[in-house]
Amino acid sequence: MANKRKAWIGQANALIPLLFIWGAEWMFSAIVDVAIYWRDLDWLKQAAFITAVVASLIQIWSLRKEFRADSAEGARERSASSGGHAGAGSSAGEHSGWGHPALLVLPAAMLIAAVALLEAIGAVSPLFAPVLRAFILAIGFVQVGLLLGKPLVYLGLWLFALSALMGVWYLGYSGVVLEGMGGISLILSGYMLRVWGR
């Protein structure tokens, strides 16, 4: 299990820049939400979101090249160790892990698209949208933490409790607080993965 965890952390390390990009975008959005009380800066939030999407697409494109290099190297290793059938199967199992690192982004992208659609059609009130996003992020931390390490589980539980607290008692401030704390959580999770990958 320890070897699998190391392999998963190694593959998840490719996603660290995405965690930093979206963590910074969430924190910037929270700062703009505070500044919006004095000036109309809604366009700045949209510009930051578009910038984060473009930066994410560039990062995912670079992962594609990295995956091709890794799969070619894995094929060479399997052909070199093809003398023993069991050895080849075990090396293939260790190498496969989650598959392409960009596939880890797919569930998150689907959740983001689902929340955006719910907001666009008015199914989620603008007051509740930050709470929903924070809940989804918290659940994602717990799910990934079950594979990679307990600190991510604790981070997810903390964010879940904060989201519940903000949703029940401080809904008016949830956009600023949950976006800010969600951004810090994303950056912190990226830092954890970087430390674990050393």
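The expected span of a helix is 1.5 Å times one less than its number of residues. Helices (H or I, at least four residues) are DSSP runs, numbered from the N terminus. This is a predicted model, in which local features need pLDDT of at least 70, side-chain atom pairs count only at pLDDT 80 or more, and totals for chains, interfaces and linings use all residues. Residues are numbered from 1 along each chain as its sequence is written, and side-chain values use heavy atoms, without hydrogens and water.

**View 1. Helix α6, end to end.** The 20 residues of α6 should span 28 Å at 1.5 Å a residue, and its end C-alpha atoms are 28 Å apart, so the two agree. Buried residues (under 20% relative accessible area, 1.4 Å probe, protein chains only) of α6 include A129, L137, F141 and L148.

**View 2. Helix α7 and its neighbours.** α7 has 20 residues and reaches 29 Å from first to last C-alpha, close to the expected 28 Å. Among its buried residues are L152, L155, L159 and M166. The buried residues of α7 pack against α6 and α8.

**View 3. The largest nonpolar core.** A nonpolar core joins buried Ala, Val, Leu, Ile, Met, Phe, Trp, Tyr and Cys residues through side-chain atoms within 4.5 Å. The largest has 24 residues; F141, L148 and L186 have the most contacts inside it. Two or more residues come from each of α1, α2, α6, α7 and α8. α6 gives the largest share, 6 residues.

**View 4. Around L186.** L186 is in contact (heavy atoms within 4.5 Å) with L19, W22, G23, W26, L137 and F141, leaving out residues up to four places away in sequence.

Definitions and conventions. Buried < 20%, exposed > 50% of the residue type's maximum accessible area, 1.4 Å probe, protein only.
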